Amino acid sequence: MENLTFDLAQTSLRELNQFLHNDAKKGEVDKVTVLNPDGAHNIAVGLDCPVTVEVHGHAGYYAGGMNKTARVVIHGSAGTGVGENMMSGVVHVKGFASNGAGASAHGGLLVIDGDAGLRCGISLKGGDIVVGGSVGSFSAFMAQAGRMVICGDAGDALGDSLYEAVLYVRGNIKSMGADTQIEPMSDADYAAVADLLRQAGIEHNPKEFKRVASKRELYYWNADANQEY
Amino acid sequence: MEAKPIKHLSKEESAGYDRKTLDYIRNAAAHGLYEIRGMGAKRKLPNFDDLVFLGASLSRYALEGYREKCSTKTILGTRFAKKPIELETPITIAGMSFGALSANVKEALGRAATEVGTSTTTGDGGMTPEERLSSKTLVYQCLPSRYGFNPDDVRRADAIEVVIGQGAKPGGGGMLLGQKVSARVAGMRTLPAGVDQRSACRHPDWTGPDDLAIKIQELREMTDWEKPIYVKVGATRTFNDVKLAVHAGADVIVVDGMQGGTAATQTCFIEHIGIPTLAALRQAVDALEDLDMKGKVQLIISGGVRTGPDVAKALAMGADAVAIGQGVMIAMGCNGETYCQGGQHHSAIADYAALGTAPGFCHHCHTGKCPVGITTQDEILEQRLEPMVGAKHLKNYLKTLNMELTTIARACGKQNVHHLEREDLVALTVEAAAMARLPLAGTSWVPGFSGY
């Protein structure tokens, strides 16, 4: 099994992604190293095989977007929409992530060691997100399914219009979004947090987390709901 | 002597507080919620009926209507995609969701479209196996909600349409009321069954045209630059929006005017937000010509395209293709008095009455109780539209439109429907002339452009 290196200072992004979509699928290469990403957008998008991609440097928008089964590690920070709409596999940002990290992810695990910007986990549909630092405002907006573990603080309107996704927050929440509430942690919640932290390689005591979930009061049209929709 | 009582000959209804407005106020007072309904704008608007073709005569040479060739072939996505869409006709099927429509209807759309050589389009809620199997050419929508959005379906699609908005509700997200969020629909959308689903109005991972350029590049990288990328906008500031979509890298731009339909949205959206298709089409063509992108980026117009003459006028004004939603549903039986099940016609009138409406007036798609089985997820009602029957009627409708289109093109002396041009058209009303920037028939007056 081979470890292949793509230096984006020498090779185009197109060649990298074409390789990851076609040649990597044949199973002859199990690790691809990307050098000099220099903030390029759309690195390793649409992967569909269990290859590992190690990006050494900062990635632009949508790194690891729509991932299936691959493991994409960014040894740097990531731009908007890292791991957006991923279905399975792992996307791991060793630095910080910009807005919309893990947007609409249907599955898999997104780990951000540092902080994440606005709208982290927006529209989440079943994926898991672990953020080592804090998340910006409007995170988990309309999140439908899946779990988010936030080891730091959350900004304004956390989990606004949440559906069935569950959020675990260790730090302070600046403000709650419409139709969300803090709920007691059950043994299953502690176990879930412990498991996600273990998968992310981040150490904290699950007992320090609180659970945020939907009040489910805005699931149906209701004239007495005071226009909170 | 007492005055003789006056017998009044008429009662005066207020123009401002007419019966429609009284209904509106009473409904608001009773429910505390805005009205939600299906279909498109019902108000009278300047439209394609306000234009006529000049046809050939002494100054132009006509083609034989029944004999001489007139091509309708249409190619979409020639700007960047390695595999552009090749269609036999410029008449395509607009995006409509499984959820809004039953799985049977989606299958019927695919069957008819495949038979006449055109494309169908998914909607909010993802791609069903039924429509992929039945559609030779399927356009896959990427919507703000991303319900059911799946990279495998991106790879299975023939083109990707990034939906910014739709004509019935520019600035608004989709809506599907709980009665239509069946177990299957809910499963595809990752929602609890039965919730009143209100989709997001903005995409979760990008904002603005510069971001959209990167999003489009992602979809291209994802599909190895093979598939055309469409961008669909609801008609508002169309001149600017089309320019921005070109800037963002679209292969094809879909402009949906305010007559465009929906399965459910607020009436205030349908009737009061957006501009008529006629005005939007002219602005879109202006934008492409301004950028020297006419013919390089293809333009699809939708919203109230109903007939062959509508298609011909849209093409003459500069569209490369049209998309039809409501007309397609009506061809399959929407608003009809009967439905055809098991080879027999059955009356649906009682079911319309139960909804408080009647054939010809129904816009109750949002209820999920479509009397003819089109906009429903109900197990009994959906059987009222049999895929083969629906497909046959739809095929007939599309063929008729195509025949009318070529008939008009030949009468204007064109061997190819895409050769129809603005010079072939004049307007019948001042409003249409101004919006379409065409001369009023029999004059050289283009309101706003010829000096006064």
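**Note on the two-chain model**

1. Met66(A) lies in the loop between β3 and β4 of chain A. Helices (H or I, at least four residues) and strands (E, at least two) are DSSP runs, numbered from the N terminus. This is a predicted model, in which local features need pLDDT of at least 70, side-chain atom pairs count only at pLDDT 80 or more, and totals for chains, interfaces and linings use all residues. Residues are numbered from 1 along each chain as its sequence is written, while chains are lettered from A and ligands numbered from 1 in the order in which they are written.

2. The backbone at Met66(A) deserves a look. Its phi is positive, about 60°, although Met66(A) is not a glycine. Most residues other than glycine have a negative phi. Met66(A) counts as buried because 27 C-beta neighbours lie inside 10 Å. The cut-offs are these: buried means 20 or more other C-beta atoms within 10 Å of the residue's own, exposed means 12 or fewer, and partly exposed is in between, with C-beta atoms placed from the backbone.

3. Is Lys68(A) buried or partly exposed? It is partly exposed, with 19 other C-beta atoms within 10 Å. Neighbours within four places in sequence aside, Lys68(A) contacts Leu47(A), Asp48(A), Met87(A), Ser88(A), Gly89(A) and, from chain B, Pro151(B). Contact here means C-beta atoms, placed from the backbone, within 7 Å. Ser98(A) is 30 residues from Lys68(A) along the chain, and their C-alpha atoms are 21 Å apart.

4. Chain A as a whole. It holds 2 helices and 11 strands, in the order β-α-β-β-β-β-β-β-β-β-β-α-β. Chain A has a radius of gyration of 18 Å, close to the 17 Å of the globule rule for 229 residues, so it is as compact as a globular protein of that length. The radius is taken over C-alpha atoms, and the rule is 2.2 Å times the number of residues to the power 0.38. The C-alpha trace spans about 60 × 35 × 25 Å along its principal axes. Of the 229 residues, 56% are buried. Take the chain A contacts between residues at least 6 apart in sequence: 24% join residues at least 24 apart.

5. Chain B as a whole. It has 14 helices and 18 strands. The C-alpha box is roughly 85 × 60 × 50 Å along the principal axes. Buried residues make up 57% of the 452. For chain B contacts between residues at least 6 apart in sequence, 67% join residues at least 24 apart.

6. Confidence. The mean pLDDT of chain B is 96, with 100% of its residues at 70 or more. pLDDT is the predictor's confidence in each residue, from 0 to 100. The model scores ipTM 0.97 and pTM 0.96.

7. The interface. On chain A, 35 residues are in contact with 24 residues of chain B. Two elements of chain A give two or more residues to its side: α1 (13-21) and β7 (125-131). The largest share comes from α1(A), with 3 residues. By class, the chain A side has 15 nonpolar, 15 polar and 5 charged residues. Ala, Val, Leu, Ile, Met, Phe, Trp, Tyr, Cys and Pro count as nonpolar, Asp, Glu, Lys and Arg as charged, and the others, Gly among them, as polar.

8. Strand β15 (residues 321-324) of chain B is covered on both faces. Ala321(B) and Ala323(B) are buried on one side, Val322(B) and Ile324(B) on the other. Strand β5 (residues 91-93) pairs with β15(B) in the parallel sense over 3 bridges, and Ile91(B) has Val322(B) as its bridge partner. Strand β14 (residues 298-302) also runs parallel to β15(B), joined by 3 bridges. There, Ile301(B) bridges to Val322(B). Pairing requires at least two DSSP bridges between the strands.

9. The largest nonpolar core has 207 residues, and Val322(B) is among those with the most contacts inside it, with Ala250(B), Ile253(B) and Val255(B). Such a core is a set of buried Ala, Val, Leu, Ile, Met, Phe, Trp, Tyr and Cys residues joined through C-beta atoms within 7 Å. Beyond four places in sequence, Ala250(B) contacts Ile216(B), Ile229(B), Tyr230(B), Val231(B), Ala245(B) and Val297(B).

10. Helix α10 (residues 308-317) is mostly covered, with 8 of its 10 residues buried. Just after α10(B), Gly318(B) takes a positive phi of about 125°. Arg437(B), in the segment after α14 (430-436), has a positive phi near 50° and is not a glycine. Arg437(B) counts as buried, with 21 C-beta neighbours inside 10 Å.

Key: Contact = placed C-beta atoms within 7 Å.
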